[in-house]
Amino acid sequence: MATILKDDRFSRTGISEAEWKVRVDLAAFYRLSALYGWDDFIYTHISARVPGPDHHFLINPFGLMFDEITASSLVKVDLDGNVIGESDYGINYAGYVIHSAIHGARDDAHYIAHFHSADGMAVSAHAEGLLPFNQRALALIPRLSYHDYEGVALNLDERGRLVTDLGDTKVMLLRNHGTLALGASPGEAWSGIYQLESACTAQVRSLSVGRDNVLIAPEEAQAEVKRQMSRERQPVEGRRTHYDLVWEAALRKASRQAPGYDA
């Protein structure tokens, strides 16, 4: 059973309904990530932009584990790293450097997830990166970017290089470091990080039998998947998108297996 924080110091005072919804979605994102084993004790981070003109974003309080996060315990910061409001916890500075860079540069980066999973780190350190071993990887490779390791992300000048390497992509491998995905909605970001983490796990398992015994997908098939994935999915008015369905299913799972995130 996930831990539920009960603390009167956290309240909804001064929080708009729009911000509260983002907080609930982000807290659910944390709980789900813990359920899938993508947390890293109190390290790594997921963030969400706060609705409004101030360019604030929400991130985990440094000191709480992913399965302890609630909507009210999330910390709001500005792009300069200043904490907005009261919190008994600070934030992970490396998380601030990475997330502020992307939130500040990308209008479509409403949610950003960055993990240090064992399989994600393994593939990020592989010289060839993500390989065309399976359908999931084939769908990701044409839209996957890479950022070379520069040490722990504590230097503000790395932000520009990170954004440049990210370009217009929404999934990234940070070399010798881990995985990253962003989206304009929680469903899009969740789908991106889920697909990337799953592809990394599949690659690690495939290579466990030795590279000589692993099939590379035929070039024609790789080209076909790239063509298929390049088709724009035009939303139909009044109809839920693929990402809507993904997130609705994810929230049902979080409510069943990690209740209390919306506190």
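A: Before we start, one term: buried means under 20% relative accessible area. Also, this is a predicted model.
Q: Good. Which residues of α2 are buried?
A: Ala94, Gly95, Tyr96, Val97, Ile98, His99, Ser100, Ala101, Ile102 and His103. That is 10 of the 13 residues of α2, so the helix is largely enclosed by the rest of the structure.
Q: What do the buried residues of α2 pack against?
A: Strands β1, β2, β5 and β8, plus helix α5.
Q: And how far does α2 reach from its first C-alpha to its last?
A: Helix α2 covers residues 93–105 and reaches 18 Å, close to the 18 Å expected.
Q: What happens at the start of α2?
A: A side-chain oxygen of Asn92 comes to within 2.9 Å of the backbone nitrogen of Ala94.
Q: Switching topic. At what angle do the axes of α1 and α8 cross?
A: Roughly 70°, and the axes come within 9 Å. That makes α1 roughly perpendicular to α8.
Q: Which residues make that contact?
A: From α1, Asp25, Ala28, Phe29, Leu32 and Leu35. From α8, Trp247, Ala250, Leu251, Lys253, Ala254 and Gln257. They divide into eight nonpolar, one polar and two charged.
Q: Now Lys76. Buried or exposed?
A: Buried, because its relative accessibility is 15%. Lys76 lies in strand β3.
Q: What does the side chain of Lys76 make a polar contact with?
A: The side chain of Glu19, at 3.1 Å. Lys76 also touches other residues, including Arg23, His56 and Asn82.

Note on methods. Residues numbered from 1 in each chain as written. Predicted model: local features only at pLDDT ≥ 70, side-chain atom pairs only at ≥ 80, totals over all residues. Heavy atoms only, no water. Helix = DSSP H or I, 4+ residues; strand = E, 2+ residues; numbered from the N terminus. Expected span 1.5 Å × (residues − 1). Buried < 20%, exposed > 50% of the residue type's maximum accessible area, 1.4 Å probe, protein only. Contact = heavy atoms within 4.5 Å. Polar contact = N/O pair within 3.5 Å; in protein donor to acceptor, adjacent residues only side chain to side chain. Axes fitted to C-alpha atoms, helices over the stretch in contact; angles between N-to-C directions. Parallel < 35°, antiparallel > 145°, perpendicular 65-115°, else oblique. Nonpolar A, V, L, I, M, F, W, Y, C, P; charged D, E, K, R; others polar. Lists of a residue's contacts leave out its neighbours within four places in sequence.
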